[in-house]
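Thanks for coming. I will go through one structure today, starting with its sheets and ending with the backbone. Here it is.

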Amino acid sequence: MKIATYNVNSIKSRLGLLIQWLEKRGGDIDVLCLQELKVTDEAFPYGEFERLGYNCTVSGQRAYNGVAICSKTRPQWVIKNFGVAELDGQKRLIAANINGIVLYSVYAPHGDERGSEKFNYKLRWYEALRGFLSQQSQDLPTLLAGDFNVALNDLDVYDPVALEDTIGTMKEEREALKKVLQMGFIDSFRHLHPEQRGFSWWAYTGGAVWKDQGMRIDYILCSAPLVKCLKSVEIDQWPRRRRTPIPSDHTPVIAEFAI
DNA sequence: ATGGCCAATTTTATTGGA
């Protein structure tokens, strides 16, 4: 079973490229976790995914945020949002039970800059994520996939000196994500590739992707039972390295499990 | 692959992204 996570930066703008990519891969993606849809539930292009054999469950929002899980088998149940009034105005979390595996598609807040209201919101969001996870049943194997907007370590940024203390690399953010990992989640890419640089995001500006000036901020985190059957983790740069149609600034991360 | 962001809305500017 292959799981992919992809921050599409608008599903409307990315639909053509996304379908092209799924077809180019020969239909090997079983579950697709999407972020930054920027559309309401009603405006999500369900039909396009149905044609490719996917059932999509969506927590959407106009203009900002929005997450979805698209899978070839229907989920047994779905949860949308934290159930925390302060945070649920922004659609950044969806969970689905697919074949007895609990899958999350999450989109962590960007955070703007240290000390800003958005930065504090980001830290509160991570607290809420941990609170939510701690209340879920631990009986089922769990996958946490999405855009976490944090580069965990210096190996996860192209220039740790230039990017020191900038958004995505600050110690508060890294600690927030590391606390999630300490709940029993493993960074699948780093687990299989301890020394490899592999970015999932490059700025639109300055031809960053051609210079490989990026960051690894998109992750597939898995609970211990799933690590045992983790076969491979791949960052597929193909969608990001298109000139036309215009790509997202992120690229998909794909993990394969022997399930 | 080779100059220079992209997307949505508030639309001919502004806001958010990272």
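Before the sheets, a definition: two strands pair if DSSP finds at least two bridges between them. Helices (H or I, at least four residues) and strands (E, at least two) are DSSP runs, numbered from the N terminus.

This is a predicted model, so local features need pLDDT of at least 70 and side-chain atom pairs count only at pLDDT 80 or more, while totals for chains, interfaces and linings use all residues. Residues are numbered from 1 along each chain as its sequence is written, and chains are lettered from A and ligands numbered from 1 in the order in which they are written.

Take β7 and β8. They run parallel and are joined by six bridges. Within that pairing, Val102 has Thr142 in β8 as its bridge partner. On to the next pair: β8 (residues 142-147) is antiparallel to β12 (residues 218-223), with five bridges between them. There, Asp147 stands opposite Asp218 in β12.

These strands belong to an open sheet of six, in the order β5-β6-β7-β8-β12-β9, with mixed pairing. Its edges are β5 (77-80) and β9 (185-187), each of which pairs on one side only. Neighbouring strands in this sheet are turned by 20° against each other on average, direction ignored. For that angle, axes are lines fitted to C-alpha atoms, for helices over the stretch in contact, and angles run from 0 to 180 degrees between N-to-C directions.

There is another open sheet of six strands, ordered β3-β4-β2-β1-β14-β13, again with mixed pairing. Here β3 (55-59) and β13 (230-235) are the edge strands, each pairing on one side only. The twist from one strand to the next averages 15°. Inside this sheet, β1 (residues 2-7) and β2 (residues 31-35) pair in the parallel sense over five bridges, and Ala4 has Leu32 as its bridge partner in β2.

Now burial. A residue is buried if 20 or more other C-beta atoms lie within 10 Å of its own, exposed if 12 or fewer, and partly exposed in between, with C-beta atoms placed from the backbone. By that count, six of the six residues of β8 are buried.

Which residues have the most contacts inside the largest nonpolar core? They are Leu32, Leu34, Ala68, Leu103, Leu143 and Ile220, in a core of 67 residues. Strand β7 (residues 101-107) gives the largest share of this core, six residues. A nonpolar core here is a set of buried Ala, Val, Leu, Ile, Met, Phe, Trp, Tyr and Cys residues joined through C-beta atoms within 7 Å. Not counting residues up to four places away in sequence, Leu103 touches residues including Ile69, Leu143 and Ala145.

Next, the DNA. There are 28 residues around DNA strand B, and Ser10, Ala63, Tyr204, Thr205 and Trp210 come nearest. Near means that the C-beta atom, placed from the backbone, lies within 6 Å of the molecule or strand.

Ala63 is also a backbone exception. Most residues other than glycine have a negative phi, and most peptide bonds are trans. Ala63 has a positive phi of about 75°, and it sits in the loop between β3 and β4 (67-71). Is Ala63 buried or exposed? Ala63 counts as exposed because it has 9 C-beta neighbours inside 10 Å. In the loop between β3 and β4 there is also Asn65, with a positive phi near 55°. Finally, a cis peptide bond joins Thr244 and Pro245, with omega about -10°.

Key. Contact = placed C-beta atoms within 7 Å.
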